[in-house]
Amino acid sequence: MAVKARLTEKTIALKTPAAGTHVLWRAPVPCKVRAVRAYRVGGTGAAVNAQKISIDPQTGNPVTSNLLPTDLSVATAARWASGALAAAPVLKLAAGDTLTAVVVSVAGSPTDLIVQIDVEQDANT
């Protein structure tokens, strides 16, 4: 039986952001990433990405994949920026995969940085 797709977002709001990786969510069911967006307040720039962390079934080791093939530049303050997504297989999350937001760099001391990842949950994913 098909289940209607449900779109949700996983968001982190950082005060005085600095470079680093932030765990947002563990996928409870298979799903797909639909968008990665960011918003900056103050400063002169920021670059972000998003990652999924899967467990390799052969080795049991974590495998990290960027969801954007190039880092998303948040060049304009007080405006949402969105990045071109990676190829479709990378965007699929299996149950148990971890979703992270990565602040690659900041410039000019932004006061706030928001990273939002839109996720579609669907039993037929």
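Predicted model: local features only at pLDDT ≥ 70, side-chain atom pairs only at ≥ 80, totals over all residues.
Nine of the ten residues of β10 are buried, so that the strand is mostly covered.

The largest nonpolar core comprises 25 residues, and those with the most contacts inside it are Trp25, Val33, Val48, Leu93, Leu99 and Ile117. Two or more residues are contributed to this core by each of β1 (6-15), β3 (31-41), β4 (45-55), β9 (98-107) and β10 (112-121). For valine 48, when neighbours within four places in sequence are left aside, the residues in contact include Ala38, Leu68, Leu72 and Val74, together with Val102, Val103 and Val104, and also Leu113 and Val115. Aspartate 71 is a further contact of valine 48.

Three salt bridges are found in the structure. One of these is formed by aspartate 112 and lysine 15, whose closest N and O atoms are 2.8 Å apart; the pair links distant parts of the chain, since aspartate 112 belongs to strand β10 and lysine 15 to strand β1, 97 residues apart. Aspartate 112 is buried, with a relative accessible area of 18%, whereas lysine 15, at 63% relative accessibility, counts as exposed.

A salt bridge is also formed where the side chains of glutamate 120 and arginine 34 meet, at 3.1 Å from N to O. Glutamate 120 in strand β10 and arginine 34 in strand β3 are 86 residues apart, and this pair, too, links distant parts of the chain. Because buried denotes a relative accessible area under 20%, glutamate 120 at 16% falls in that class, while arginine 34, with 41%, is partly exposed.

Aspartate 118 and arginine 37 form another salt bridge, with the closest N and O atoms 2.8 Å apart. Aspartate 118 lies in strand β10 and arginine 37 in strand β3, so this pair ties together parts that are 81 residues apart in sequence. Aspartate 118 counts as buried at 7% relative accessibility, and arginine 37 is partly exposed, with a relative accessible area of 30%.

Key. Residues numbered from 1 in each chain as written. Heavy atoms only, no water. Core = buried A, V, L, I, M, F, W, Y, C linked by side-chain atoms within 4.5 Å. Buried < 20%, exposed > 50% of the residue type's maximum accessible area, 1.4 Å probe, protein only. Helix = DSSP H or I, 4+ residues; strand = E, 2+ residues; numbered from the N terminus. Contact = heavy atoms within 4.5 Å. Salt bridge = Lys/Arg side-chain N within 4 Å of Asp/Glu carboxyl O.
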